[in-house]
Amino acid sequence: MIMAETATLSSKFQISIPKAIRTAQHWEAGLTLAFIPKGTGVLLVPVPKREALKGLAKGASATEYRDRSDRF
């Protein structure tokens, strides 16, 4: 799905996210968004709530992992 929606940055550096984008992404008022610089643009992604992250690393071992020093 490709949408060509635009928004204008106000004099107070605010933008309104177009309704078509909010609806397609199921974004509601109060959602926290992260701005991630990417090349000459920015990714806008929702920040997950703490409850959604519960159990994400279940079973992970802190002793058996690879870091940059053991890569070829």
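The lining of the largest pocket comprises 8 nonpolar, 3 polar and 1 charged residues. In this classification Ala, Val, Leu, Ile, Met, Phe, Trp, Tyr, Cys and Pro are nonpolar, Asp, Glu, Lys and Arg are charged, and the others, Gly among them, are polar. The model is predicted: local features need pLDDT of at least 70, side-chain atom pairs count only at pLDDT 80 or more, and totals for chains, interfaces and linings use all residues. Residues are numbered from 1 along each chain as its sequence is written, and side-chain values use heavy atoms, with hydrogens and water left out.

The largest pocket holds about 200 Å³ of space. Of its 12 lining residues, I17, P18, I21, W27 and L44 are the closest to the centre. A pocket here is an open set of points on a 1 Å grid over the protein atoms alone, where a 1.4 Å probe fits, with protein on both sides within 12 Å along at least five of seven lines; lining residues have an atom within 4 Å of a point. Its volume is the space filled by probe spheres set on the points, which are joined across faces, edges and corners.

A nonpolar surface patch is formed by L9, F13 and I15. Together they have about 350 Å² of accessible area. Patch residues have over 30% relative accessible area and no salt bridge, and nonpolar side chains (Val, Leu, Ile, Met, Phe, Trp, Tyr) are joined within 5 Å. A salt bridge is a side-chain nitrogen of Lys or Arg within 4 Å of a carboxyl oxygen of Asp or Glu. Areas come from the Shrake-Rupley method with a 1.4 Å probe, and for residues only the protein chains shown count as cover.

F13 sits in the segment before α1 (19–25). Helices (H or I, at least four residues) and strands (E, at least two) are DSSP runs, numbered from the N terminus. F13 counts as exposed because its relative accessibility is 69%; the cut-offs are under 20% for buried, over 50% for exposed and in between for partly exposed. Phi of F13 is positive, near 60°. Most residues other than glycine have a negative phi. H26, in the loop between α1 and β1 (33–38), also has a positive phi near 60°. H26 is exposed, at 67% relative accessibility.

T8 likewise lies in the segment before α1. T8 is exposed, at 69%. Its C-alpha atom is 40 Å from that of G55, 47 residues apart along the chain. D67 is in the segment after α2 (50–53). D67 is partly exposed, at 34%.

Methods
Patch = residues over 30% accessible without salt bridge, like charges linked within 9 Å, V, L, I, M, F, W, Y side chains within 5 Å. Buried < 20%, exposed > 50% of the residue type's maximum accessible area, 1.4 Å probe, protein only.
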